[in-house]
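Have the sequence and the structure open as you read.

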Amino acid sequence: MTKLTDIIRTQIGRSGPITVAEFMTQCLLHPDHGYYTTHQPLGSAGDFVTSPEISQMFGEMLGLCLAQTWMDQGAPKRFTLAELGPGRGTLMADILRTTKAVAGFHDAAEIIMIEASPQLRDVQMQTLDGYDVKWFDSVTELPELPLFLVANEFFDCLPIKQFIRTEHGWQEQMIGVKDNALGFILATSSPVALFGEAPLGTVMELCPGAAAIMADVARIVGANGGAALVLDYGDWQLAGDTFQAVRGHQKVDPLVECGASDLTAHVNFHALAIAAEPFAQVSGLTPQGVLLERLGITARAQALAAKLQGDALENHITAHRRLTHPDEMGQLFKTLAITPKGAAQPPGFDI
Ligand code: SAH
């Protein structure tokens with residue numbers, strides 16, 4: 001049993017069962033024993049691999065998309081270039097390398113990284129050595145400037161609440177202690193009538209933090225200009241239990257070895273759109289593979305392939321397929337763009 005499992009068990013013993021959201025927050029961000037505070041999660045030696053870690057082409061396409069949108073909005077002389085949950089800093093490094101050639105873009109950009117993990121901040125600092133970068137804890141600190149923002153696999157690690165339709169109505173899924181181990185239990189009663197009628201056993205998930213963060217970002221984009229590009233696994237409507245733990249590239253039980261695995265839930269893009277719509281314009285939901293193809297990833301892949309051979313060429317072809325093919329990340333991962341009302345849609349996104 002990890003130290004954190006023991007801490008959570010003791011806490012539940014003292015104050016009663018906790019929600020899935022409280023459990024996720026402790027497991028991911030506990031200052032001493034949280035997953036993101038104690039692990040190097042990303043890469044083949046870590047627990048999972050993300051798109052920017054698969055190929056530089058991912059960041060290149062998004063960098064060009066952001067730079068084109070910046071030009072379409074009149075190339076504002078000062079703007080925020082921000083990333084939510086930047087991991088190892090690879091995506092921002094690729095965006096910056098690609099946009100170096102765009103006249104005026106770097107001079108106008110104030111680079112801001114929003115990162116909760118001190119360990120990952122250190123890695124990002126090394127990756128972005130030579131650039132002037134600020135680190136913030138939260139989107140509430142973002143300045144009132146045009147905001148060009150990316151968030152890849154950020155919203156999926158925000159804490160969710162789960163509700164299950166039982167014969168007593170909707171009951172919240174809680175985590176309690178059974179036989180000395182952590183286990184799922186249902187709250188005895190719940191005031192939630194929110195989800196209406198549904199077959200017994202239906203699970204619904206809510207992510208209050210995601211909606212709040214999306215609304216803050218959309219308000220700044222709507223009032224000052226810019227674009228926010230959100231990329232993640234999930235869909236427009238969600239129903240069902242998507243809470244999962246991944247360790248060493250395998251799914252594991254989320255309730256054992258707390259703090260040793262990455263906990264996520266699929267992103268409900270409709271909920272993000274509802275949070276953004278009062279302030280800004282929301283694109284159509286666009287599969288990642290479609291977006292990257294429209295942005296020109298195949299031409300870029302061919303240009304890079306011309307300089308490669310042997311294993312390097314094989315790996316490059318595999319990476320292109322992983323990012324774009326519908327059987328790999330091309331369809332499971334979705335993308336959404338937030339822009340000011342009436343502005344041109346960023347290139348590649350569905351209307
Ligand atoms: N975007 C990166 C990393 C994805 S992993 C990539 O695509 O490779 C999730 C990232 O979000 C990590 O950097 C993690 O530390 C950060 N994170 C998780 N919860 C956060 C929170 N509440 N606030 C800020 N950053 C958070």
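Which helices do the buried residues of H13 pack against? In this predicted model, they pack against H4 (51-54), H5 (56-72), H11 (288-294), H12 (297-305) and H14 (329-332).

**Helix H13**

H13 runs over residues 310-324, and its 15 residues should span 21 Å at 1.5 Å a residue; the end C-alpha atoms lie 22 Å apart, which agrees. Its buried residues are His316, Ala319, His320, Leu323 and Thr324. They sit on the same side of H13, because the arc they cover around the axis is only 110 degrees.

| Helix pair | Axis angle | Axis distance |
|---|---|---|
| H5 and H12 | roughly 135 degrees | within 11 Å |
| H5 and H6 | about 55 degrees | 7 Å |

Take the pair H5 and H12, whose axes cross at roughly 135 degrees. That angle makes H5 oblique to H12, and the crossing is right-handed. On the H5 side, Gln56, Met57, Glu60 and Met61 make the contact, and on the H12 side Ile297, Arg300, Ala301 and Leu304 do.

Now for H5 and H6, which pack at an angle of about 55 degrees. Here H5 is oblique to H6, and H5 passes H6 in a right-handed crossing. H5 contributes Gln56, Phe58, Gly59, Glu60, Leu62, Gly63, Leu64, Leu66 and Ala67 to this contact, while H6 contributes Leu91, Asp94, Ile95, Arg97, Thr98 and Thr99.

**Inside H6**

Why is H6 (residues 90-99) described as largely enclosed by the rest of the structure? Nine of its 10 residues are buried, so the rest of the structure largely encloses the helix. The buried residues are Thr90, Leu91, Met92, Ala93, Asp94, Ile95, Leu96, Thr98 and Thr99.

**A buried arginine in a strand**

Finally, visit Arg165 in strand S6 (residues 161-166). Its relative accessibility is 14%, so Arg165 counts as buried, the cut-off being under 20%. Leaving aside neighbours within four places in sequence, Arg165 is in contact with Trp170, Glu197, Ala198, Pro199, Leu200, Gly201 and Thr202.

Conventions:
Residues are numbered from 1 along each chain as its sequence is written. This is a predicted model: local features need pLDDT of at least 70, side-chain atom pairs count only at pLDDT 80 or more; totals for chains, interfaces and linings use all residues. Side-chain values use heavy atoms; hydrogens and water are left out. Helices (H or I, at least four residues) and strands (E, at least two) are DSSP runs, numbered from the N terminus. The expected span of a helix is 1.5 Å times one less than its number of residues. Buried means under 20% relative accessible area, exposed over 50%, partly exposed in between (1.4 Å probe, protein chains only). The arc is that of the directions from the helix axis to the C-beta atoms. Contact means heavy atoms within 4.5 Å. Axes are lines fitted to C-alpha atoms, for helices over the stretch in contact, and angles run from 0 to 180 degrees between N-to-C directions. Angles under 35 degrees count as roughly parallel, over 145 as roughly antiparallel, 65 to 115 as roughly perpendicular and the rest as oblique. A crossing is left-handed if the near helix is turned anticlockwise from the far one by less than a right angle, and right-handed if clockwise.
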